[in-house]
Amino acid sequence: MSTINYSEKIPNNVNLAEDRTLQRALEQWQPNFINWWDEVGPEGSTDFDVYLRTAVSVDPQGWAQFDYVKMRDYRWGIFLNPGSERTIHFGDHKGEKAWTDVPGEYRANLRRIIVTQGDTEPASVEQQRHLGLTAPSMYDLRNLFQINVEEGRHLWAMVYLLQKHFGRDGREEAGALLERQSGDQNNPRILGAFNEKTPDWLAFFMFTYFTDRDGKFQLAALSESAFDPLARTTKFMLTEEAHHMFVGESGVSRVLQRTAQLMNELRTDDPKTIREAGAIDLPTIQRYLNFHYSVTIDLFGADQSSNAATFYSSGLKGRYEEGKRTDDHVLKGQTYKVLEVQNGQLVEKEVPMLNALNEVLRDDFIKDSVAGVARWNKVLEKAGIPTRLTVPHKAFNRQIGALAGIKMSPDGRVVSEAEWAARRDEWLPSAEDFAFVGSLMGRVVEPGRFANWIAPPAMGINRQPIDFEYVRFN
Ligand SMILES: [Fe+2]
Ligand SMILES: [Fe+2]
């Protein structure tokens with residue numbers, strides 16, 4: 001187990017005390033981070049004491065310490081998973097010793113990878129900043145805040161790598177991570193999905209289910225990296241990511257549970273009647289799913305990408321569960337099937353696998369996502385409701401890659417521009433859907449009470465009761 005010096009300003013297991021330059025750089029960055037948190041972090045939350053999980057070390061006992069914390073005083077620590085003598089297990093450097101420093105020839109690409117990952121972390125905090133004002137319960141409010149502080153810590157993790165390993169460039173990038181802003185016209189976040197709004201709690205649950213899962217797959221691919229500090233940082237981040245996806249999966253489950261209950265009580269599947277009863281109808285939930293799924297699979301990038309090939313061959317970024325795969329881990333001469341548009345129709349095409357690694361990761365993500373949707377359907381099945389949720393076709397509503405050039409229905413039919421325009425509001429949330437879901441978003445924060453549109457969770461956090469005082473407003 002690594003030891004942490006608690007007397008340090010910045011809790012860490014990276015021997016920060018012995019690196020004065022780095023310590024000074026981080027201590028200079030910290031006030032800017034706190035300013036950023038105050039300005040665009042969770043709105044109106046400064047005085048709240050929140051029952052939060054804080055990581056104080058990376059071993060199973062240490063990374064989940066629960067106590068009341070003011071969020072701006074959260075101990076944004078820097079933790080790497082324990083190191084071991086690793087050898088690089090994929091790409092052109094396979095069999096060589098993993099790098100503890102950045103090789104000069106890969107510096108620009110590694111920096112770009114770390115900055116792109118780092119940029120998503122504060123972006124999601126910005127996207128979620130107003131949600132606390134309309135929390136459906138104190139339990140949910142606490143979960144939102146837990147995710148917010150951990151995304152803040154993930155930003156710290158990437159900033160540590162930039163400042164430790166990339167000198168002045170790294171310090172500049174660390175500053176820029178606090179300057180770009182989600183949805184900003186002039187200086188937006190790097191990736192599309194992180195400039196979208198998260199206007200309500202259904203969107204939040206879909207985001208944490210799908211988009212935090214993109215995080216899981218990106219982090220998992222980076223945890224294979226030949227650059228050992230990146231591999232060890234991302235491994236630890238993955239333990240926190242699991243909770244974010246849990247919030248999304250259980251959140252949507254609870255919405256479904258409540259909707260199904262009302263459908264049974266009122267003996268109806270009419271969306272209008274369900275809405276009048278103050279719950280979210282299943283077609284609206286399906287449209288939110290379609291939106292978040294399609295926007296998130298765009299995050300994996302173009303289906304054919306020479307960058308993806310370079311990142312893999314040079315050992316910077318592996319595949320999901322690289323170590324468990326039984327091929328040669330070099331992939332030269334292998335192929336993969338991707339979809340392409342030809343004469344307005346989709347066709348399959350075999351391309352060099354190295355160039356298709358974005359698609360490989362996207363397909364792994366899709367498999368994982370679909371499994372959770374099946375668990376949501378169990379909720380409906382148990383309630384005796386025949387409707388099932390489905391993920392839309394991979395080519396539905398895509399903005400990035402070859403599939404962006406086509407209009408596709410959720411069930412996988414190529415459609416004309418006219419049909420798309422006519423049916424768009426059946427397939428994606430409309431302004432009216434957002435207005436309706438928005439109208440349900442009141443603030444319910446008395447311990448143990450829940451908004452009408454969502455069922456209570458099966459159990460509380462850290463074995464506390466559901467009506468535990470998860471947030472003290474002071
Ligand atoms: Fe994160
Ligand atoms: Fe996350």
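Visitor: Which strands does α3 lie across, and at about what angle does it run to β1?

Guide: In this predicted model, helix α3 lies across β1 and β5, and its direction is at about 50° to β1.

Visitor: What is the strand order in the open sheet of three strands, and is the pairing parallel or antiparallel?

Guide: The order is β2-β1-β5, and the pairing is antiparallel. The edge strands are β2, covering 65-69, and β5, covering 471-472, each of which pairs on one side only.

Visitor: Over how many bridges do β1 and β5 pair, and which residue of β5 does Val50 stand opposite?

Guide: Strand β1, residues 49-54, pairs with β5 over two bridges in the antiparallel sense, and Val50 has Val471 of β5 opposite it.

Visitor: Back to the helices: at what angle do α1 and α3 pack, and how far apart are their axes?

Guide: Helix α1 (residues 20-40) packs with helix α3 (residues 138-165) at an angle of about 145°, and their axes are 11 Å apart. The crossing of α1 past α3 is right-handed.

Visitor: Which residues make that contact?

Guide: From α1 come Leu22, Ala25, Leu26, Trp29 and Trp37, while α3 supplies Gly152, Val159, Gln163 and Lys164. Sorted by class, the contact of α1 with α3 holds six nonpolar, two polar and one charged residues.

Visitor: Switching topic, where is Asn462, and what is its phi?

Guide: Asn462 sits in the loop between α12 (431-440) and β5, and although Asn462 is not a glycine, its phi is positive, at about 55°. For context, most residues other than glycine have a negative phi.

Visitor: And is Asn462 buried or exposed?

Guide: Asn462 is exposed, because 12 other C-beta atoms lie within 10 Å, and a residue counts as exposed at 12 or fewer.

Visitor: What about Arg463, where does it lie and what is its phi near?

Guide: Arg463 lies in the loop between α12 and β5, and its phi is near 60°, which is a positive value in a residue other than glycine. Arg463 counts as exposed because it has 8 C-beta neighbours inside 10 Å.

Visitor: Zooming out, how many helices and strands does the protein have, and what does its C-alpha trace span?

Guide: The secondary structure comes to 12 helices and five strands, and the C-alpha trace spans about 65 × 65 × 40 Å along its principal axes.

Visitor: What is the radius of gyration, and what would a compact globule have?

Guide: The protein has 23 Å, which agrees with the value near 23 Å for a compact globule with 474 residues. Buried residues make up 45% of the 474 residues. Of the contacts between residues at least 6 apart in sequence, 70% join residues at least 24 apart.

Definitions and conventions
Residues are numbered from 1 along each chain as its sequence is written. Chains are lettered from A and ligands numbered from 1 in the order in which they are written. This is a predicted model: local features need pLDDT of at least 70, side-chain atom pairs count only at pLDDT 80 or more; totals for chains, interfaces and linings use all residues. Axes are lines fitted to C-alpha atoms, for helices over the stretch in contact, and angles run from 0 to 180 degrees between N-to-C directions. Helices (H or I, at least four residues) and strands (E, at least two) are DSSP runs, numbered from the N terminus. A crossing is left-handed if the near helix is turned anticlockwise from the far one by less than a right angle, and right-handed if clockwise. Two residues are in contact if their C-beta atoms, placed from the backbone, lie within 7 Å. Ala, Val, Leu, Ile, Met, Phe, Trp, Tyr, Cys and Pro count as nonpolar, Asp, Glu, Lys and Arg as charged, and the others, Gly among them, as polar. Two strands pair if DSSP finds at least two bridges between them. The radius of gyration is taken over C-alpha atoms; the globule rule is 2.2 Å times the number of residues to the power 0.38. A residue is buried if 20 or more other C-beta atoms lie within 10 Å of its own, exposed if 12 or fewer, and partly exposed in between; C-beta atoms are placed from the backbone.
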